[in-house]
Amino acid sequence: MNKIVINSNRNARQLAILGGEPVISSEMQARELYESDKLTNDIIVGSRRGIPITQSMVDSVVETTKSGIWCRIQSATGTVPTFEKKWAEMVGRKYCVCTGAGTQALSASVEAMGIGPGDEVITSPYTDIGTISAVLFSRALVVLADLDPESFQLDPDDVERRINGNTKAIIPVHIGGQPANMERIMAIAGKHNLKVIEDACQAHFTEYQGKQLGTIGDLGCYSFQAGKNIGCGEGGAIVGDDEELMDICYTIQNRGTNRKGRAERIGPKYRMNEFEAALLLPQLDNARDVFNYRNDNAFYMNSLLRQFPGVAPQKLYEGTGACSWWVFLTQYKKEHFNDIPRSKFLEALRAEGVSASPYIADGFHRTDVITNHILDLDIYKNMYSAARLKQYRDELPLPNCDKVTDEINISFGTVQMATGRDHLEKISNAIIKIHENRDKLSK
């Protein structure tokens, strides 16, 4: 591989934050984004996070509108049942039940496993609120374990330390679309007879040890929210191989009514509508090509970063294959930049025209959802002993997560991996440029 070379022009080599020329001008960035649009032969009517919006998607929604079949229970062959069959086949599971959101998929999965008041579920603090809400909605106790600070995923050792007699399940979150350490997590779950619900909401098609994420645990959950690599505004899916368990998932998301129309459980209405599935179905034709394009670019970007130790790629566990790279996460190592704080480095990077920021500002152990909606609510004080809630509070400090959110993690946006490689090389150039000028920046 050729070494990346910085422009020799003096003004170009001076940091943009100090008056020099940026590596990526705003005009250049606009031209270079969304290269993955070229992967389809369909008519492009727009782009969404570097993913083409095609005429086929528009036609599918129009066709659904004209059909009058707008709700999944109107037809056994409508867009939702059709998408469920195709999605299960694409990810490699027997069954799929679609929901109105990834959060709803997680919530229905928790309910389907009979998890409720008095039970505990271990998950990551470094996630979307939907993971946390799915557990709290069932009035179970969400227990947060610390992170591996290089992968940003759950630390299996800390997960096992937090297991007690009330623990019923683990929800590993495949943050960024890359795998948690599922080999260790599944071994721990088997040892302690726990269920595993994979939060694969960001991890469509990601591979780990020969399987796709979402197909390793008892249930897997995906999101099709507008920002995801496959999206329809709002939407989600549960996949699994246990027919009885998946029938329970269906009944719960169908307001407690089973496939035969009999009300038999307590359940919300979490149904995906036909318009959402109408948007999703045409995307499946091109989804693998877009996935492969992003994955190839991400591993190319990783190869560029490995030439320079100051910004390291997110650690991937042994057995990781192709990934969705919903966001491209990296580790900032300030010791290579004269101990310049991450905030100053990011300021300089943005001045060079690179879209970058911390990904998640705080782990949920430091938010009101835990301190006010678990520890201070009467309902939790009634369900859990004072001793357990004191222990819970005492175990809230998660130093590795704090290091990740406060010092280490940098996200290079949600569309960078959909660009051309010239653009990725410019990002690498910008990082090296800042390193070459670190003495000036630190002053």
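Trainee: Which residue just after α11 takes a positive phi?

Mentor: Gly353 does, with a phi of about 90°. Keep in mind that this is a predicted model.

Trainee: Which residues of helix α11 are buried?

Mentor: Helix α11 spans residues 342–351. Its buried residues are Arg342, Phe345, Leu346, Ala348 and Leu349.

Trainee: What puts them on the same side of α11?

Mentor: Their arc around the axis is only 160°, so they lie on the same side of α11. An α-helix has 3.6 residues a turn, so residues three or four places apart point the same way.

Trainee: What covers the buried residues of α11?

Mentor: Several elements do. The strands include β12 (311–313), β13 (329–332) and β14 (409–411). The helices include α15 (399–408), α16 (421–436) and α17 (438–442).

Trainee: Take Pro313 in strand β12. Why does Pro313 count as buried?

Mentor: Buried means under 20% relative accessible area. Pro313 has 13% relative accessibility, so Pro313 counts as buried.

Trainee: Which residues does Pro313 touch, leaving out those up to four places away in sequence?

Mentor: Pro313 touches Asn302, Leu305 and Arg306, and also Leu329, Thr330 and Gln331. Take Thr330. Pro313 and Thr330 are 17 residues apart in sequence, yet 4.6 Å apart in space, C-alpha to C-alpha.

Trainee: Now the surface. Which residues form a nonpolar patch there?

Mentor: Ile43, Val45, Val58 and Val62 form it. Together they have about 310 Å² of accessible area.

Trainee: Why is Val45 called partly exposed?

Mentor: Val45 sits in strand β1, residues 44–48. The relative accessible area of Val45 is 45%, so Val45 is partly exposed. A patch residue needs over 30%, and Val45 has 45%.

Trainee: How many disulfides are there?

Mentor: The count comes to zero. The cut-off for a pair of cysteine sulfur atoms is within 2.5 Å.

Trainee: Is Cys201 buried or exposed?

Mentor: Set the value against the cut-off of under 20%. Cys201 has a relative accessible area of 9%, so Cys201 is buried.

Methods. Residues numbered from 1 in each chain as written. Predicted model: local features only at pLDDT ≥ 70, side-chain atom pairs only at ≥ 80, totals over all residues. Heavy atoms only, no water. Buried < 20%, exposed > 50% of the residue type's maximum accessible area, 1.4 Å probe, protein only. Helix = DSSP H or I, 4+ residues; strand = E, 2+ residues; numbered from the N terminus. Arc of directions from axis to C-beta. Contact = heavy atoms within 4.5 Å. Patch = residues over 30% accessible without salt bridge, like charges linked within 9 Å, V, L, I, M, F, W, Y side chains within 5 Å. Areas by Shrake-Rupley, 256 points an atom, 1.4 Å probe, with all protein chains shown as cover. Salt bridge = Lys/Arg side-chain N within 4 Å of Asp/Glu carboxyl O.
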